[in-house]
Amino acid sequence: MKFPSTVKVSGVHSPNFFITKTPDGFAASGNDVKLLNILAEKLNFKYTIQLPTDNGFYGILDEYGNWTGVTGLVVRGEVDMAVLYMDQTEERWAVVDYAVPHYVLDKTIATDVPGPVSKNVVFISPFQTDIWITIICLFVIPKILRYFPCLWRIVPAFLFAIYNCVKSAQGKASRSTKRRILEGSYLIADALLKFIYMSVLLSFLTVELKERGLRDMKDLAAAVQRGQYKVLMPLGGFDDDFLLNSDKEDYKIIGKAVKQHKWYYVGNTYRDKNIGPNVAIGGARMSMQVVFGKPPFAAQFVSDDSYGIWNVATMVRKGFCCKAQLDTMILRVNSAGLYQKFVDDAVFRTQYRKHKKYSYEDAVKPLTLEDLFSIFLALGVLHFLSFIVFLIEIFCKRFDKQM
């Protein structure tokens, strides 16, 4: 059967189907439109684009059991197909037909890149908390015991062995081989820790540290539960229902919050703009890369975690005459890697646009007094404590003489 000469197509304003208003109406561009143009050229048909007018966007079942958005237009036969980067679901497959898949839709979350870590705590950043505790127990407390014998009765017994190492290492050397090995290892560890700390601290000062932020769905669910974050999902999608009906508790927490507060956004809302503080968005990973770009120039962080993966295929109405021809042409597009080429080009254009705004002069800066303020502050506090200890020593000395 010959392919129709004119086909009615639907789409929505999204990262891969970009709608631009013109004096004559609107113009469409993007990866999906490029795919549509190839199909039109090779199958020899012309097309008209009809946009949904019910604000249903991709299309979901409403409270009356009717399909909205693009899916609704295809179900009612008002359009013949929808060449749109949209997930292929069982619910939609029950009311429409699909051509062979031409891509994969991987859904994840994104936030703005977390802010910098406070300069006031950078001096403790080189080591984790458990390492700092170990250093205090093995290197600091034994040295304190050396000057304050009155504390011996309130500390664990194993610290006396370390104290003896400190005393021997800083005083007369022992003649025992075992003792020398123990004392030598203590000195080596003490020196290495100082060198490691200074080298790592310098790297932390020269490269700006960022807050941890949200890394995965578990972090996001905890933040939503505490009321610290809100999550926006694509309008007209089924992400909220999918999360709410998941068997994972973290997903249910997010889905329930989205449904309850009606947290939704339109596909191109965040093109060339920040997401905002304490806000995360869900959506397709590829669409986010097209809109935000990739590190290091992207101002947004896209999580490595995924909450779902679906096939992407052209949606056609039930009874469409020429689905077999459409399948053949899409398989040829897949074999040539054309759609992936469209995606790579779109991501590269975003990267190039972001790169032009990137300033290497701002990226490389000399260390300032503000960068080193916390270190000088810590040094001042330690000197002050040393002075206090000095006064205590004088007081204890006079007290011993009076006794």
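Helices (H or I, at least four residues) and strands (E, at least two) are DSSP runs, numbered from the N terminus. In these terms, Q351 is placed in helix α12, which covers residues 338-356. The structure is a predicted model, in which local features need pLDDT of at least 70 and side-chain atom pairs count only at pLDDT 80 or more, whereas totals for chains, interfaces and linings use all residues. Residues are numbered from 1 along each chain as its sequence is written, and side-chain values use heavy atoms, with hydrogens and water left out.

The secondary structure of the protein consists of 14 helices and 13 strands. Among contacts (heavy atoms within 4.5 Å) with a separation of 6 or more, 72% are made by residues 24 or more positions apart.

The unreviewed UniProt entry carries the annotation "transmembrane region" for residues 144-166, 187-207 and 372-396; UniProt positions are given in the numbering used here, feature names are shortened, and annotations may be inferred rather than shown by experiment. In the model, residues 187-207 are 95% helix and 0% strand, with end C-alpha atoms 31 Å apart. Residues 372-396 are 100% helix and 0% strand, and their end C-alpha atoms lie 36 Å apart.

Two residues illustrate local surroundings. Q351 counts as buried because its relative accessible area is 15%. Beyond its neighbours within four places in sequence, Q351 contacts G293, K294, P295 and F297. S10, in strand β1 (residues 6-10), is likewise buried, since its relative accessible area is 0%. Residues up to four places away in sequence aside, S10 touches F17, Q50, P52, V70, L73, V79, M81, A82 and V83. With one of these, Q50, the separation is given: a polar atom of the S10 side chain lies 2.9 Å from the backbone oxygen of Q50.

A search of the whole structure finds 3 cavities of 30 Å³ or more. A cavity is a set of points, on a 1 Å grid over the protein atoms alone, where a 1.4 Å probe fits but cannot get out; lining residues have an atom within 4 Å of a point. The volume is the space filled by probe spheres set on the points, and for the largest cavity this is about 270 Å³. Its lining comprises 23 residues, of which Y58, P234, Y265, G283 and A284 lie nearest the centre. At least two lining residues each come from β7 (103-112), β10 (279-284) and α10 (285-292), and α10 gives the most, with 4 residues.

Conventions:
Buried means under 20% relative accessible area, exposed over 50%, partly exposed in between (1.4 Å probe, protein chains only). A polar contact is a pair of N or O atoms within 3.5 Å; within protein, one must be able to donate a hydrogen and the other to accept it, and residues adjacent in sequence count only if both atoms are side-chain atoms. On a 1 Å grid over the protein atoms alone, a cavity is a set of points where a 1.4 Å probe fits but cannot get out, and a pocket is an open set with protein on both sides within 12 Å along at least five of seven lines; lining residues have an atom within 4 Å of a point.
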